[in-house]
Amino acid sequence: MKQKETIFVIPTHRLRDVAQTIEKYDDNFWANGHALKIIIFDDSSLANYEKYYPLLEETKTANDVFYVGPREKEQFITFLNERLRDRKLESLVKNLFRPSYGGNRNFTLMYTLGHLMVSADDDMRPDALIETSRESLLANEICRGKLIKSNQESGFVHKSFDLLTAFEDVLGEKVSNVPENFETGELVVDTAMDLETNTTKGYFRENSLLLQKGEVSDNAVVKISQTFRTGTNDIDTLDFVHMYLNDESQINPNDLNDFYILTNFRPVITNKNWRMDCGVAGYDNQLGLPPFFPTRLRFEDYIYRLWIQQEGVVAAHVDAVQNHIRNNYMRNPLASEIFNEEICSLLKKKIKDSVYELNDLGIKFHYSGEVTLQDSEEILEKISAIHAEVVKASLSTQNTERKYSLQLFAANLSRVFYGFEPDFFQQNVSRIIDDVISQFHASLEIWPTLVEICYFYKDKKDLPQIRVENKKLKSRNGVKASGIVA
């Protein structure tokens with residue numbers, strides 16, 4: 001039986017900062033005895049590519065690093081359109097792979113067809129913040145964590161895990177073959193979050209993941225998996241706002257004054273996974289997977305939370321943790337992030353409630369983009385209340401810098417949400433969602449054809465990519481580390 005090959009990918013739009021990410025993960029793989037192919041998928045402009053690509057060539061790695069940037073992506077899209085031979089589909093293909101959270105990840109799926117894929121965002125690191133006085137978990141508890149102040153220097157340690165082994169233990173395996181320390185159940189519930197949208201229930205400094213009981217078939221296959229994560233927790237932007245409002249000493253709302261650490265955790269297999277975190281994920285892509293939603297909104301992976309619910313397919317939280325350092329470089333302002341998250345939450349509910357089919361390479365849903373007056377009013381009511389809190393905080397603070405920062409944030413909120421004018425807001429949100437949903441439907445229709453094209457092509461030749469001519473590290477015995485041929 002052919003050995004399953006794992007490819008490690010880093011999707012990024014911040015080429016300036018990805019060099020350190022490569023070296024950190026390469027060091028983790030080398031320290032644990034792994035050799036694998038690393039591919040960077042870059043959403044940078046051609047100008048930023050020319051400016052920052054030399055930084056990749058200055059890296060030092062034991063493993064070979066490959067790069068898929070603006071030129072290679074254009075070549076790939078041209079290749080697909082030549083195979084399709086239908087000019088009417090060209091704009092659809094371009095949209096499916098456009099620079100965006102989902103578009104860039106769709107490149108990773110095509111380039112790793114036939115293999116296992118492990119993916120990490122450019123602001124992830126292969127270690128974790130673990131509390132030193134670890135406590136035992138409750139019977140139904142899978143994970144427990146808490147927020148600490150960023151200036152706290154004791155009570156936790158940085159701990160590194162063998163990430164590749166953690167993923168390879170489960171990816172593509174039947175449940176009956178996974179290690180015996182894995183719990184099994186229907187799904188995991190976060191005590192601080194709504195189950196199906198992952199929006200927070202409020203501002204909490206501690207939370208637990210609880211396993212809901214359920215029968216998991218021994219013959220079900222683990223198709224997606226993820227590590228746990230620390231650092232910046234998987235929380236809403238509104239949580240950052242609450243942290244900001246509750247900390248009189250914080251001037252800039254983008255500053256991270258709290259870190260998330262884990263008290264304890266244990267691995268689990270579930271029939272459903274509403275906690276899917278594509279920033280620290282692994283995928284069994286040997287036979288193809290559904291596309292990520294091609295969107296600039298931050299919910300490209302929501303399709304996997306729906307898709308995983310089909311019979312015979314399960315998800316895993318593996319026996320490892322990674323750390324998120326939250327890179328603010330080229331990140332949208334907080335007000336824009338709040339707007340995006342509110343639109344995402346609305347879309348999640350609409351799509352979930354109208355799904356009528358799950359298949360090998362996608363999902364089908366009825367929702368076509370309608371936004372009711374009630375939908376928009378609920379969002380405005382919620383954000384108007386936040387806006388009022390920010391204004392109140394700006395009036396009560398004695399710190400001039402903080403007062404200015406709060407006033408600026410309040411003004412940005414008002415601008416992004418169209419001055420909280422109900423009709424104007426409803427009209428613009430309707431247009432945004434109508435465009436997004438029509439693109440989703442069209443992308444899901446054409447995706448299986450594109451998978452078939454790439455699957456057979458990759459048997460003969462690599463898709464467009466270049467090998468980074470960086471410095472090769474030597475192994476402990478002084479012999480040059482063995483490369484991996486593209």
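**Figure 1. Confidence along the chain of the predicted model.** The protein chain has a mean pLDDT of 91, and 95% of its residues reach 70 or more, in what is a predicted model throughout. A stretch that calls for caution is residues 476–486, over which pLDDT stays under 50. For these residues the model has 21 contacts beyond four places in sequence.

**Figure 2. Close-up of helix H2 and the elements that cover it.** Helix H2, made of residues 46–57, has 12 residues and reaches 17 Å from its first C-alpha to its last, which is close to the 16 Å expected at 1.5 Å a residue. Its buried residues are Tyr49, Tyr52, Tyr53 and Leu56. Because they cover an arc of only 135° around the axis, these residues are on the same side of H2. As a general point, an α-helix has 3.6 residues a turn, so residues three or four places apart point the same way. On the other side of H2, Ala47 and Lys51 are exposed. The cover over the buried residues of H2 includes helix H1 (18–31), strand S2 (37–42), strand S4 (65–68), helix H3 (70–84) and strand S20 (466–467).

**Figure 3. Close-up of helix H3 and its packing partners.** Helix H3 has 15 residues and reaches 21 Å from its first C-alpha to its last, close to the 21 Å expected at 1.5 Å a residue. Buried in H3 are Glu72, Lys73, Phe76, Ile77, Phe79, Leu80, Asn81 and Leu84. These buried residues pack against S2, S4, helix H4 (90–96), helix H5 (101–111), H12 and S20. S2, S4 and S20 are also among the elements that cover the buried residues of H2. After H3 comes Arg85, whose phi is positive, near 55°.

Figure 4. Thr61 lies in strand S3, which consists of residues 60–61, and it is buried, with a relative accessible area of 0%. Not counting residues up to four places away in sequence, Thr61 touches Ile22, Asp26, Asn470, Lys471, Lys472 and Leu473. The C-alpha atoms of Thr61 and Lys24 are separated by 9.2 Å, although these two residues are 37 residues apart along the chain.

**Figure 5. Close-up of strand S8 between its pairing partners, S12 and S14.** Strand S8, residues 141–149, is mostly covered, with seven of its nine residues buried. Five bridges join S8 to strand S12 (residues 206–212), and the two strands run antiparallel; in S12, Asn207 is the bridge partner of Gly145. Seven bridges join S8 to strand S14 (residues 258–265), and this pair also runs antiparallel.

Figure 6. With a disulfide taken as a pair of cysteine sulfur atoms within 2.5 Å, the count comes to zero disulfides. Cys143 is in no disulfide, and the nearest cysteine sulfur, that of Cys278, is 18 Å away. Cys143 has 3% relative accessibility and therefore counts as buried. For Cys278, the closest cysteine sulfur is in Cys344, at 12 Å, which is too far for a bond. Cys278 has 5% relative accessibility, so this residue also counts as buried.

Figure 7. Tyr418 counts as partly exposed, at 22% relative accessibility, whereas Phe420, at 18% relative accessibility, counts as buried. Leaving aside neighbours within four places in sequence, Phe420 is in contact with Leu380, Ile383, Ser384, His387, Leu413 and Ser414. Phe420 and Asp43 are 377 residues apart in sequence, and they stand 33 Å apart in space, C-alpha to C-alpha.

How values were computed. Residues are numbered from 1 along each chain as its sequence is written. This is a predicted model: local features need pLDDT of at least 70, side-chain atom pairs count only at pLDDT 80 or more; totals for chains, interfaces and linings use all residues. Side-chain values use heavy atoms; hydrogens and water are left out. Buried means under 20% relative accessible area, exposed over 50%, partly exposed in between (1.4 Å probe, protein chains only). Helices (H or I, at least four residues) and strands (E, at least two) are DSSP runs, numbered from the N terminus. Two strands pair if DSSP finds at least two bridges between them. The expected span of a helix is 1.5 Å times one less than its number of residues. The arc is that of the directions from the helix axis to the C-beta atoms. Contact means heavy atoms within 4.5 Å. pLDDT is the predictor's confidence in each residue, from 0 to 100.
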